[in-house]
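Please read the following briefing alongside the sequence and the coordinates.

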Amino acid sequence: MIRMVTASLVLALATLSAMAEERVAATLYKIPNCSCCKKYADYLRTNGFDVTVIEAPDMTPIKQKYGVGKNLEGCHTAVIGGYVVEGHVPVGSINRLLSEKPAIKGITLPGMPPGSPGMSGSKTGSFEILSITGQDAAPAVFATE
Ligand SMILES: [Cu+2]
């Protein structure tokens with residue numbers, strides 16, 4: 001019995017360390033003086049992402065490249081696993097995006113809602129994370145957190 005418990009414990013530990021090593025690469029574009037963007041990069045790092053920050057004085061071409069329409073814009077733009085993650089999106093939605101791999105360009109939390117990851121203040125309501133499709137149609141809700 002003890003041997004079985006030990007074996008499953010070893011297995012659990014092995015799984016845990018494999019998970020810890022598997023850091024997902026993320027590239028985050030931001031304007032140089034954006035401090036909430038920097039805090040969001042730190043938030044991603046804390047949650048297991050390997051973040052490369054690229055300072056972009058003009059974010060317009062980046063938003064255009066990744067299909068982030070004006071109504072969908074946050075501050076920074078991240079690229080993770082081939083998806084665009086715009087603004088202060090909570091990590092739960094990113095992980096769901098990466099595991100479900102839907103046929104969209106990415107997800108966004110438009111604006112800079114108080115209390116969202118990297119933002120100060122306290123949360124006043126639930127966050128609506130929207131799908132980015134690159135189409136003009138009204139964006140669908142990807143998740144509510
Ligand atoms: Cu921000």
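Helices (H or I, at least four residues) and strands (E, at least two) are taken here as DSSP runs, numbered from the N terminus, and two strands pair if DSSP finds at least two bridges between them. On that basis, seven strands form an open sheet of mixed pairing, in the order E2-E1-E3-E4-E5-E6-E7. The model is a predicted one, in which local features need pLDDT of at least 70 and side-chain atom pairs count only at pLDDT 80 or more, whereas totals for chains, interfaces and linings use all residues. Residues are numbered from 1 along each chain as its sequence is written.

**Overall make-up**
- The chain contains four helices and seven strands, and from the N terminus on these elements follow the pattern α-β-α-β-α-β-β-α-β-β-β.
- Of the 145 residues in the chain, 30% are buried, where a residue is buried if 20 or more other C-beta atoms lie within 10 Å of its own, exposed if 12 or fewer, and partly exposed in between, with C-beta atoms placed from the backbone.
- Among the contacts with a separation of 6 or more, 54% join residues 24 or more positions apart; two residues are in contact if their C-beta atoms, placed from the backbone, lie within 7 Å.

**The sheet**
- Strands E1 (residues 24-30) and E2 run parallel and are joined by seven bridges, with Val 53 in E2 as the bridge partner of Leu 28.
- Strand E5 (residues 106-109) pairs with strand E6 (residues 128-132) in the antiparallel sense over three bridges, and in this pairing Ile 107 stands opposite Ser 131 of E6.
- E6 also pairs with strand E7 (residues 141-144), again in the antiparallel sense and over three bridges, and here the bridge partner of Ile 129 is Ala 143 in E7.

**Helices on the sheet**
- Helix H2 (residues 35-46) lies across E1 and E2 and runs at about 160° to E2; axes are lines fitted to C-alpha atoms, for helices over the stretch in contact, and angles run from 0 to 180 degrees between N-to-C directions.
- Helix H4 (residues 91-100) packs on the sheet, where it touches E1, strand E3 (77-80), strand E4 (83-87), E5, E6 and E7, and its direction makes about 135° with that of E7.

**The nonpolar core**
- A nonpolar core is a set of buried Ala, Val, Leu, Ile, Met, Phe, Trp, Tyr and Cys residues joined through C-beta atoms within 7 Å, and the largest one has 26 residues, of which Ile 80, Val 85, Ile 107 and Ile 129 have the most contacts inside it.
- Two or more residues of this core come from each of E1, H2, E3, E4, H4, E5 and E6, and H2 gives the most, with four residues.
- Leaving aside neighbours within four places in sequence, the contacts of Ile 129 include Val 89, Ser 93, Ile 107, Phe 142 and Glu 145.

- Glu 145, in the segment after E7, is partly exposed because 16 other C-beta atoms lie within 10 Å.
- Not counting residues up to four places away in sequence, Glu 145 touches Pro 90, Gly 92, Ser 93, Ser 126, Phe 127 and Ile 129, and its C-alpha atom is separated by 5.2 Å from that of Phe 127, 18 residues apart along the chain.
- Lys 101, in the loop between H4 and E5, counts as exposed because it has 11 C-beta neighbours inside 10 Å.
- Most residues other than glycine have a negative phi. The phi of Lys 101, a residue other than glycine, is positive, near 45°.
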